[in-house]
Amino acid sequence: MKIIVPMAGRGSRLRPHTLTVPKPLIPVAGEPIVHRLVKDIAKILKQPIEEVAFVLGDPAFFGDDIVSSLQELGKSLDAKTSIYRQDKPLGTGHAIMSAKESLSGPAVVAYADTLIRADFDLDPQADAVIWTKRVENPEAYGVVNLNYNNEITELVEKPEQFVSDQAVIGIYYFKDISILKSKLQEVLDENIMHGGEYQINDGIKRMMAEGKVFKTGTVDEWMDCGNKTVTVETNSKMLQFLTQDGEKLVSDSVTLNNSKVIPPCFIGENVVLNNTTVGPNVSIGNNTIIENSTVKNSLIQNQTSIKNANLDNAMIGNHVTYNGKFTSISIGDYSVLE
């Protein structure tokens, strides 16, 4: 089994956090989004992972440190790691075809801006599986249309009239991904574009037209990381799931001075809390110091200093200095204080 992960986008909706760190590498509950996603997919598949292929963008943004991080992720799964580059942002179909040398045999394609919780078996009768989540407002999503055999017959983008409540979440399984490869090559050769981009759906529709059987795999939780608000919500949900799973979330190297941690929280290495209450639903990265503060429902990254703050629903990046009693301010592009 292979996992193909297109992650070339810059994550503009999550600025300023994605100005220096690609969105899939932002930590949620103490681990980068893409690391957690790939590991969770591997658990669901319940079979050895032969290769993980990552499609990255501009090397100036997706640099050697990111490549090394992804190689370590592949190594943790005993899988080969392949790195490809998407030279131009020409859509989902183009991103997948950027990894065409790896497009053979059974494979999962997963876009690295979402997290999931699921436990299901892949249907052995299906040529492909599109992972979905039941939603209350399907008109806001791309959804699947099913026939009486619960086979997918159509993909419908933001339907004005009810089609189904099964929203497509951006994770796909193909029994033989070389078939998708051949159909996407046709799409590229015929220059079939939507909004100036080549889309995976055009390859999928051609597979359906040839009678390939598509089924759904329904996930229990689908957690978005598209912008600051939903990323903070996802962090809170993931902390609760990890606590239920019995994972150790607070490092032994944390220093507590007249401070309290209200679980669930993730607290990384060498964090110092002075006269501070943290939690619930807080993640704090390595080497961060927080003093005279209260923090809840928030995500704070590495090597940051926070003083005299009362934070709720906050997302703070790396190497930040924040004092709630500030009189002198230095804030860069896309920063928000509310």
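Student: Which strands make up the open sheet that contains β16, and in what order do they lie?

Tutor: Strands here are DSSP runs of E with at least two residues, and helices are runs of H or I with at least four, both numbered from the N terminus. Two strands pair if DSSP finds at least two bridges between them. In this case four strands form an open sheet, ordered β16-β19-β22-β25, with parallel pairing. At its edges are β16 (265-267) and β25 (315-316), each pairing on one side only. Before we go on, note that this is a predicted model: local features need pLDDT of at least 70 and side-chain atom pairs count only at pLDDT 80 or more, while totals for chains, interfaces and linings use all residues. Residues are numbered from 1 along each chain as its sequence is written, and side-chain values use heavy atoms, leaving out hydrogens and water.

Student: How many bridges join β16 and β19?

Tutor: Three bridges link β16 to β19 (residues 282-284) in the parallel sense. You can find Ile267 opposite Ile284 in β19.

Student: Why is one side of β15 and of β24 left without a neighbour in the sheet?

Tutor: These strands belong to an open sheet of four strands with parallel pairing, in the order β15-β18-β21-β24. β15 (260-261) and β24 (310-312) are at the edges and have a single partner strand each, so one side of each lacks a neighbour in the sheet. Parallel to β15 runs β18 (residues 277-278), joined to it by two bridges; there, Val278 is the bridge partner of Val261.

Student: What should I look at when helices pack, and at what angle do α4 and α5 cross?

Tutor: Two packed helices are described by the angle and the distance between their axes. Axes are lines fitted to C-alpha atoms, for helices over the stretch in contact, with angles from 0 to 180 degrees between N-to-C directions. Here, α4 (residues 177-189) and α5 (residues 200-209) have axes that come within 8 Å and cross at roughly 115 degrees. The residues in this contact comprise seven nonpolar, one polar and four charged. Nonpolar means Ala, Val, Leu, Ile, Met, Phe, Trp, Tyr, Cys and Pro; charged means Asp, Glu, Lys and Arg; the others, Gly among them, are polar.

Student: Which residues have the most contacts inside the largest nonpolar core?

Tutor: Nonpolar side chains tend to be buried together in soluble globular proteins. A nonpolar core is a set of buried Ala, Val, Leu, Ile, Met, Phe, Trp, Tyr and Cys residues joined through side-chain atoms within 4.5 Å. Buried means under 20% relative accessible area, exposed over 50%, and partly exposed in between (1.4 Å probe, protein chains only). The largest core has 51 residues, and Met7, Ile41, Phe54 and Trp131 have the most contacts inside it. Helix α1 (residues 33-45) gives the most to this core, eight residues.
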